[in-house]
Amino acid sequence: MKSLTQKIPILDAVLKGIGQIMLQENAWTGLLFLVGIFCGSLQMGIGAILATLCGTLTAKILNYKEDEIASGLYGFSAALVGVALPFYFQSVAVIWIAIVIGAILATMLQHFFIVKKIPVFTFPFVFVTWILLYIFHQVYQVGPSDVLMMEATLNPDFAYALRGFGQVIFQGGTFAGLLFFIAVFISSPISALYAMAAGVIAAIISNCLSLSPQESIHMGLGSYNAVLCAIVFAGTKVMDGFWVLISVLLALAIAWVMAQYHFTLLTFPFVAGTCLTLVIKNIHTKFFKIEKAVQSGANQRH
């Protein structure tokens, strides 16, 4: 894989762009994600490739930094747009045009935040997809996809944690979730294990507090934002686990509020919960630095 992608840099960038959906700069991870998406839907798989390619080429045409392009930073939001539209709507011509336009817009928005050094994760995907959902629901109506209309087979088992991995990229199947877990694990074992634990915890909390319908929890819809939160803060220190928990709780609270007002969640609870946790973490770090400095000064005076 490495020798092949080195010979074809655009392929390497596209696969890493898909891998970056779960913050993994790894072509193998991206390839396994792609396999999982195709297992769920041919249209979503094609949409992912088309959108990621459009996002990567847009970055090249607009002369964004080569190292950022090579690491896949201009592929993941575009890829999610490419998967989301075939998930929600019938595979008609206007949807494929929208995938291309949406991928370009998401890439440009991603670049804006990268330049401003603002960590927004998948927010460009969320923002662009919200606009497109409004257009195709309210302005130029397109019928729902076959995937959206399928009746889900629910299994009240712990596989909902795996399905939480799958739902990050609109895949409700346990096999796709397993593939996605393996894909993250080969890139970062600690991230995969934290994400699995966070998915279970989020589902249990959602169930105990009735934050989501049981059907949604079993489908992994109560876990996928928690999976992403855990990947961001995963690490080997005790405090890393604390920040994972805080971000998961915040994401769950935000998701619950959004659900009360019938907003389409996408990955916004993850984005908002993670950004709030980063703010809290920075305040915590600065406070302890000041406290240590004060203590050090007091010790010197004594």
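Lys16 is buried, its relative accessible area being 18%, where buried stands for under 20% relative accessible area, exposed for over 50%, and partly exposed for values in between (1.4 Å probe, protein chains only). The model is predicted, so local features need pLDDT of at least 70 and side-chain atom pairs count only at pLDDT 80 or more, whereas totals for chains, interfaces and linings use all residues. Residues are numbered from 1 along each chain as its sequence is written, and side-chain values use heavy atoms, with hydrogens and water left out. The structure contains two salt bridges, zero disulfides and 17 aromatic pairs.

**Salt bridges**

- A salt bridge is defined here as a side-chain nitrogen of Lys or Arg within 4 Å of a carboxyl oxygen of Asp or Glu.
- Lys16 forms one with Asp12, at an N to O distance of 3.2 Å.
- Both Lys16 and Asp12 belong to helix H2 (residues 9-19), where they are four residues apart, about one turn of the helix; helices (H or I, at least four residues) and strands (E, at least two) are DSSP runs, numbered from the N terminus.
- Lys60 and Glu66 form a salt bridge in which the closest N and O atoms are 3.5 Å apart.
- Lys60 is partly exposed, at a relative accessible area of 32%.

**The loop between H4 and H5**

- Leu62 is located in the loop that runs between helix H4 (42-61) and helix H5 (66-70).
- The relative accessible area of Leu62 is 40%, which makes this residue partly exposed.
- Leu62 and Gln171 are 109 residues apart along the chain, and their C-alpha atoms are separated by 32 Å.

**Cysteines**

- With a disulfide defined as a pair of cysteine sulfur atoms within 2.5 Å, the structure holds zero disulfides.
- Cys229 is in no disulfide, and the cysteine sulfur nearest to its own, that of Cys275, is 9.8 Å away.
- Cys229 is buried, at 0% relative accessibility, while Cys275 is partly exposed, with a relative accessible area of 24%.

**Polar contacts of Arg163**

- Arg163 is part of helix H10 (residues 160-167) and is buried, with a relative accessible area of 5%.
- Its side chain makes a polar contact with the side chain of Thr174 at 2.8 Å; a polar contact is a pair of N or O atoms within 3.5 Å, and within protein one must be able to donate a hydrogen and the other to accept it, while residues adjacent in sequence count only if both atoms are side-chain atoms.
- A polar atom of the Arg163 side chain also lies 2.6 Å from the backbone oxygen of His218.

**Nonpolar cores**

- A nonpolar core is a set of buried Ala, Val, Leu, Ile, Met, Phe, Trp, Tyr and Cys residues joined through side-chain atoms within 4.5 Å.
- The largest nonpolar core has 68 residues, of which Ile21, Met22, Ile169 and Phe170 touch the most other members.
- Helix H6 (residues 76-88) supplies the largest share of this core, ten residues.
- Another core, of five residues, lies apart from it and includes Ala161, Val200, Ala203 and Ile217.
- Leaving aside residues up to four places away in sequence, Ile21 touches Phe76, Ala79, Leu80, Val168, Ile169 and Leu228, contact meaning heavy atoms within 4.5 Å.

**Aromatic pairs**

- The structure holds 17 aromatic pairs; rings of Phe, Tyr and Trp (its six-membered ring) pair if their centres lie within 6.5 Å, with planes under 30 degrees apart counted as stacked, over 60 as edge-to-face and the rest as tilted.
- The ring centres of Tyr64 and Tyr74 are 4.9 Å apart and the planes stand at 45°, so this pair is tilted.
- Tyr64 lies in the loop between H4 and H5 and Tyr74 in the loop between H5 and H6, so the pair ties together parts that are ten residues apart in sequence.
- Tyr64 is buried at 10% relative accessibility, and Tyr74 is buried at 3%.
- Phe89 and Phe136 make an edge-to-face pair, 5.5 Å centre to centre with 70° between the planes.
- Because Phe89 lies in the loop between H6 and helix H7 (93-115) and Phe136 in helix H8 (residues 123-139), the pair ties together parts that are 47 residues apart in sequence.
- Phe89 counts as buried at 1% relative accessibility, as does Phe136 at 5%.
- One aromatic cluster is formed by Phe87, Tyr88, Phe89, Phe125, Phe136 and Phe170.
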